[in-house]
Structures are given as C-alpha cells and as structure tokens.
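Me: I would like to learn how to read a protein model. Please take me through it feature by feature.

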Amino acid sequence: MSKGPVVSIVEDDAAVRAATESLVKSLGFDVYAFASAQEFLQSHREAETACLISDVQMPNMSGVELQADLANRGFRIPTIFMTAFPNESVRRRAMDAGAVGFLHKPFNGKALIQFIYDAIGQGGGKA
C-alpha cells in the first residue's frame with residue numbers, strides 16, 4: 001500500500017543511492033532507486049514519479065539527458081540534480097529545463113529535503 005508520493009532516485013554510486021533512499025524513505029515517501037537512467041526508463045515508473053532525484057554524471061546517459069528525454073516524451077517530473085562535479089553551464093541548462101534544485105556533493109540533507117517538498121508541491125507526471 002502506498003504511503004505517499006513516489007520519489008525515484010537515479011544514482012550510479014551505490015553508497016550515495018542507498019543513503020539518499022534511506023533519507024527519502026524516512027520522510028514517508030515511496031521510493032524507487034535505480035543505478036542508471038536506462039534502468040529508470042525501463043521501469044516505466046515515469047507517470048507515478050512525483051519527484052526525480054538524479055545524479056548529473058552517469059555512464060551512457062547523464063541526468064540532464066534523462067530530463068530532456070522525459071520532457072520529449074511528455075513527462076514533466078520535478079527533478080533535483082546532485083553532482084560531485086559542479087559546472088555552471090550544466091546547472092544553468094538543468095535549471096532552465098525546469099529542475100527544482102541542483103546540489104553539489106556532499107550536500108546538506110536539509111537542502112535536499114526542502115527541494116523534495118518543493119518538487120512534490122509542483123506535481124509531476126504526464127504533461
């Protein structure tokens with residue numbers, strides 16, 4: 001039985017993925033965690049995802065490329081990006097495309113929590 005909105009996490013680093021998943025679950029959200037953008041896309045959870053938390057730099061498809069792919073298919077999922085390699089042009093591109101937040105690793109958990117609540121307030125799913 002669903003406890004609340006669905007938050008999907010896409011992060012190739014297993015330790016970061018597990019820590020983020022634990023934090024989000026502690027807030028009472030249903031959480032699905034994926035090791036890659038492709039794994040998320042193959043899950044077909046786009047329509048139920050109210051908030052997407054994604055790493056920026058991942059093999060094969062970046063988080064920003066995932067955001068663009070979802071938008072091209074009509075999904076407007078409020079997205080929070082996290083990265084260990086901050087780059088202003090990538091941040092600007094993500095934010096211009098509608099990202100809710102852009103965090104530099106390591107980041108303050110409180111900042112992520114606020115972005116999650118902001119994203120959930122926007123709603124998500126098929127445009």
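The dialogue below goes from a helix to the cores, then to strands and a loop.

Reply: This is a predicted model, where local features need pLDDT of at least 70, side-chain atom pairs count only at pLDDT 80 or more, and totals for chains, interfaces and linings use all residues. Residues are numbered from 1 along each chain as its sequence is written, and side-chain values use heavy atoms, with hydrogens and water left out.

Me: How many residues does helix H1 have, and what span does it reach?

Reply: Helices here are DSSP runs of H or I, at least four residues; strands are runs of E, at least two; both are numbered from the N terminus. The expected span of a helix is 1.5 Å times one less than its number of residues. H1 (residues 14–26) has 13 residues and reaches 18 Å from first C-alpha to last, close to the expected 18 Å.

Me: Which residues of H1 are buried, and which are exposed?

Reply: Buried means under 20% relative accessible area, exposed over 50%, partly exposed in between, with a 1.4 Å probe and protein chains only. Arg17, Thr20 and Val24 are buried in H1. They line one face of the helix, because the buried residues fall within an arc of 70° seen down its axis. That arc is taken from the directions from the helix axis to the C-beta atoms. On the other side, Ala15 and Ser26 are exposed. The cover over the buried residues of H1 includes E1, strand E2 (30–34), E3, E4 and H5.

Me: What is a nonpolar core?

Reply: In soluble globular proteins, nonpolar side chains tend to be buried together. A core is a set of buried Ala, Val, Leu, Ile, Met, Phe, Trp, Tyr and Cys residues joined through side-chain atoms within 4.5 Å. The largest one here has 14 residues; Val7, Val24, Cys51, Ile53, Ile80, Leu112 and Ile116 touch the most other members. Strands E1 (6–10), E3 (49–55) and E4 (79–83) and helix H5 (109–122) each give two or more residues. H5 gives the most, three. Apart from this core lies another, of twelve residues, among them Phe40, Leu41, Met58 and Phe75.

Me: How do E4 and strand E5 run?

Reply: Strands pair if DSSP finds at least two bridges between them. Four bridges join E4 to E5 (residues 101–104), and the two run parallel. Phe81 has Phe102 in E5 as its bridge partner.

Me: Is Gly74 buried or exposed?

Reply: Gly74 counts as buried, because its relative accessibility is 17%. Gly74 is found in the loop between helix H3 (63–72) and E4.

Note on methods. Contact = heavy atoms within 4.5 Å.
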